[in-house]
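Here's a quick briefing to read alongside the model. Take a look at the fold below, then work through the notes by topic.

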Amino acid sequence: MASSTESAVAFSDADTRRDEMHSTIEAWIDDLVDHVDDAQASDQFQEWLDVQSRFHDYSHRNTLLIKLQCPEATKVAGYHTWRTEFDRHVEEGEQAIWIWAPIITTRCPECKNAPSYHDQSDCEYDETPPEEWAEGLVGFKPTAVFDISQTEGEPLPELETAATGDADELVPALTDAADALDVTVRIVDAGEWEHGDARGVCKYRQQDCQPLVENVIDGTHASSPCSCSRHLNSIFTAF
Ligand SMILES: [Zn+2]
């Protein structure tokens, strides 16, 4: 397995850059897939799961790439995104982490290609002009990102998710919010709590796929959001 030092690469030759990027990234992925297949319970696989858990919004392909190039990465963004959105800048000499970024553009309803590729293909679709085609995914391109550890500047904004106060106030607020979201809340005694250290869980009812939030209430303060991926709203849970 290549170490992060060995895999640090620069695509400097403008003529061959694009092809080199594609083949290098694909080779890395093949290499990683081999390793994962060989030993799913290996340390490397566990490390990858760890990275995956930090980048759950990223594709598996991209988390593999991040793990390979910068195993300690926690938050990545493009060079300009760090600067313009977070007031941070990439430190001099830092190597980019290369991942795949989707290319979204107008595409032919028939062959699903961008207009230029549609023109070059055998596709004969001509019912609507390219200006009227809807946008969609036409491919991926290598894109450079940097981990927060490679940047310096302003601290990142923190998302405030803690809710503190009396259970007498928090529980009605929780149930009101749950009603508004059509979520069922079940309050259980601390002794019946089956979810270890978790302060709240989100489940789907089997029949109609509605989320069910369980909470354990035994104290006077509350914190922690329920982060259900299908319900973006944070619901505080008392514990
Ligand atoms: Zn077409």
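Lys-112 counts as partly exposed because it has 14 C-beta neighbours inside 10 Å; the cut-offs are 20 or more other C-beta atoms within 10 Å for buried, 12 or fewer for exposed, and partly exposed in between, with C-beta atoms placed from the backbone. Bear in mind that this is a predicted model, where local features need pLDDT of at least 70, side-chain atom pairs count only at pLDDT 80 or more, and totals for chains, interfaces and linings use all residues. Residues are numbered from 1 along each chain as its sequence is written.

**Loops with positive phi**
- Lys-112 isn't a glycine, yet its phi is positive, near 65 degrees.
- You'll find Lys-112 in the loop between strand 3 and helix 5 (115–120); helices (H or I, at least four residues) and strands (E, at least two) are DSSP runs, numbered from the N terminus.
- Asp-87 is another non-glycine with a positive phi, about 55 degrees, and it sits in the loop between helix 4 (79–86) and strand 2 (88–90).
- Asp-87 is exposed, with 12 other C-beta atoms within 10 Å.

**Overall make-up**
- The protein has six helices and ten strands.
- Of its 239 residues, 21% count as buried.

- Helix 3 (residues 60–69) is largely enclosed by the rest of the structure, because eight of its ten residues are buried.
- Those buried residues include Asn-62, Lys-67 and Gln-69, along with Leu-64 and Leu-68.
- Leaving aside residues up to four places away in sequence, Ile-99 touches Asn-62, Leu-65, Ile-66, Thr-143 and Val-145, where a contact means C-beta atoms, placed from the backbone, within 7 Å.

- Three strands make an open, antiparallel sheet in the order 1-4-3; strands pair if DSSP finds at least two bridges between them.
- Strand 1 (76–77) and strand 3 are at the edges with a single partner strand each, so one side of each has no neighbour in the sheet.
- Strand 3 and strand 4 pair over ten bridges, and Ile-104 has Leu-137 in strand 4 as its bridge partner.

Definitions and conventions: Two residues are in contact if their C-beta atoms, placed from the backbone, lie within 7 Å.
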